[in-house]
Every structure is written in structure tokens, then in C-alpha cells.
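Q: Hi! Could you walk me through a structure while I look at it?

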Amino acid sequence: MTAGLVVMQLLNGLVLGVIYTLITVGLTIVLGMLNVINFAHGAVYALGAYFAFSFASLLGNWSGSFWVAVILAPVAVALVGVVIEMTLLRRMYDLVHEYQILLTFGIMLVIQELIIMVWGPIGKSVPMPPQLATVLDFGVFAFPLYRVFLIVFIALVCFGIWLLIEKTSYGAIIRAGIDNRDMVNCLGIDIYKAFTIVFAFGVGLAGLAGALALPMRGAQPLMGDTILTLAFVVLVIGGMGSFAGAILGGLLVGVVESMMILFWPQGTMISIFAAMALVILIWPKGLLGYR
């Protein structure tokens, strides 16, 4: 086993990690602001991939079709999130978590079946965008340029989200709502409007992750199941409600998964859950959690 192979797998782990991070950041924002455990989050990730496939297919062989699809797909998923929040989820805010879990689990099943009805049970894919359909030669190994793009682009997206949450007035409302949403409502802010926007934003991030992963991993109707499990693992490792924890946890899980594929493929999932158990035993709130 060469050093180049190890470094290449480490980079692959970072690619997986940034995708997991983007998904988990959306899940963290929804959980923190709405106090809702969204079991449909993996399904909207898959929906983002399928929307991107449809938009790219409609635009044909135009070289910029994929980039337009990457913009439109999360917007379409966010609009679906608006409908879900306003018609279904809003009725569950004052009920116990069990009802919220059952509702979002049911929404997940409905979305999965709708995907099969609309796009069929066979997986879909799109080619790499021509601008990035090449590799970078590092001498001892070559690495796809598109994967390097994913690391840089998602890092910039996460930085933009941090600026939004920490440096803007609407971010202040989000942070205040995470701490005490009743107090925010008492200050005259329409908390339900804020909930709608935050939920749409959270699921839109999952849709963006699905669209970006489409050329690399394709789209499958049940692709959200595994990603949802890993997102909750990332959430637990990083810490509930922690933005920085979602980033750290996502990168750790991605690197662990990638390196275990290299050294012990059969034990990949075992290692991920063992890492989660170890974190819970040592840091019950997660690495950077505050709840």
C-alpha cells in the first residue's frame, strides 16, 4: 500500500465529509430552530439529486446545464419544504417528538414513492460538467478535479452560512429562536414565518448536496436512507445544535468511512458507529455540543 493511495483516500474522505457536512448543517439548523427531528431529510437529499437530473436533462447538451441544475434543484426542494412546513409540520410544533418523528418518517416514505412513480426505480446519473471533467496529477496519484471543486465550493457555502447566522439580523433571529423561540415571538417577530424560511433553507441545503453529489454518486430512490443515518451520526458526534460541530463531525465521519474502505471494507459502518459510541461515552453532548 503506497503513500499516494493513502493520501488519495484521505482526500476522498474529505469529499464525503463536506457532503455530509452540508446535509447535517441543514438538519442542525432545523433541529435547533424548530426543535423538530426531521426524518425526511434524507429523502429531500434524494429529491435534490432527481430535480438536478431533470433540469440538466431538459437543458440538453449545453455545457452550462449542470450548473443551472445545481442552482434550480435546491430552490425546488426549498419550495417543497415550504409546502411541507405550512401544511403539515406547523401542526406538530406543540406536540411531543414522537408525533413529529412519525410525521416526518411518513413524509420520507411518501417522497420515496413519488420519486419511484415519477422517475422510475432505475437509478439516474449525469456526466461530469465538461469544465471539471479532468484530473489533477499529483505525481504519485491523480485526483478528479470535480472532487476538488466540491471541497472548495462546499467550504465556501458553509462560510456563507456562518456569515448569515452570525453577522446578519436574520441570523440573530435564528440564534435567538434556537435559544428561546417563545421570547422571539413575544418581541413581535412572526416566529412561524421564520420557521417556514428556516425549514425551507435547511431542506434546500440537503437538496444542494444531492445535486452536487449527482455526477459522482448518481441518484437512487432510496439513496436518502443511508445518508440520513450518517447525518444523525454526524449530528451526535458534532453535538446537537452546533454549527461548528456539524462541520467537524461531517469531516470526521467522511475520513473514517474512506480510510476504513481502504483498510477494512467490511467494518466501515461498524467503525463509524463505534466512533459515535466512543464520543457519547467521553463527551455526552458531542464534541462541540451545548445541549
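Predicted model: local features only at pLDDT ≥ 70, side-chain atom pairs only at ≥ 80, totals over all residues.

Q: Let's start with helix α1. How far apart are its end C-alpha atoms?
A: They are 46 Å apart. Helix α1 covers residues 3–34, and at 1.5 Å a residue its 32 residues should span 46 Å, so the two values agree.

Q: Nice. And how many residues of α1 are buried?
A: That would be 24 of the 32, so α1 is largely enclosed by the rest of the structure.

Q: Can you pick one residue in there? Take N12: is it buried or exposed?
A: N12, which is found in helix α1, is buried: its relative accessible area is 12%, and the cut-off for buried is under 20%.

Q: Which residues is N12 in contact with?
A: Leaving aside neighbours within four places in sequence, N12 is in contact with F143, R147 and S258.

Q: What follows α1?
A: N35 does, and its phi is positive, near 60 degrees. N35 has that positive phi although it is not a glycine.

Q: Where does N35 lie?
A: In the loop between α1 and α2. With a relative accessibility of 33%, N35 counts as partly exposed.

Q: On to α2, then. How do the axes of α2 and α4 cross?
A: The axes of helix α2 (residues 41–59) and helix α4 (residues 97–119) cross at roughly 20 degrees and come within 9 Å. Angles under 35 degrees count as roughly parallel, and α2 and α4 are therefore roughly parallel to each other. The crossing in which α2 passes α4 is left-handed.

Q: Which residues meet there?
A: From α2 there are A43, V44, A46, L47, Y50, F51, F53 and S54, and they meet M108, I111, I115 and W119 in α4.

Q: And how do the residues of that contact divide into nonpolar, polar and charged?
A: The contact of α2 with α4 has 11 nonpolar residues, one polar and no charged.

Q: New topic: L145. Which helix is L145 found in?
A: L145 is in helix α5, which covers residues 145–167.

Q: What does L145 touch?
A: Not counting residues up to four places away in sequence, L145 touches Q131, L132, T134, V135 and L136.

Terms used. Residues numbered from 1 in each chain as written. Heavy atoms only, no water. Axes fitted to C-alpha atoms, helices over the stretch in contact; angles between N-to-C directions. Helix = DSSP H or I, 4+ residues; strand = E, 2+ residues; numbered from the N terminus. Parallel < 35°, antiparallel > 145°, perpendicular 65-115°, else oblique. Left-handed = near helix turned anticlockwise from the far one by under 90°. Contact = heavy atoms within 4.5 Å. Nonpolar A, V, L, I, M, F, W, Y, C, P; charged D, E, K, R; others polar. Expected span 1.5 Å × (residues − 1). Buried < 20%, exposed > 50% of the residue type's maximum accessible area, 1.4 Å probe, protein only.
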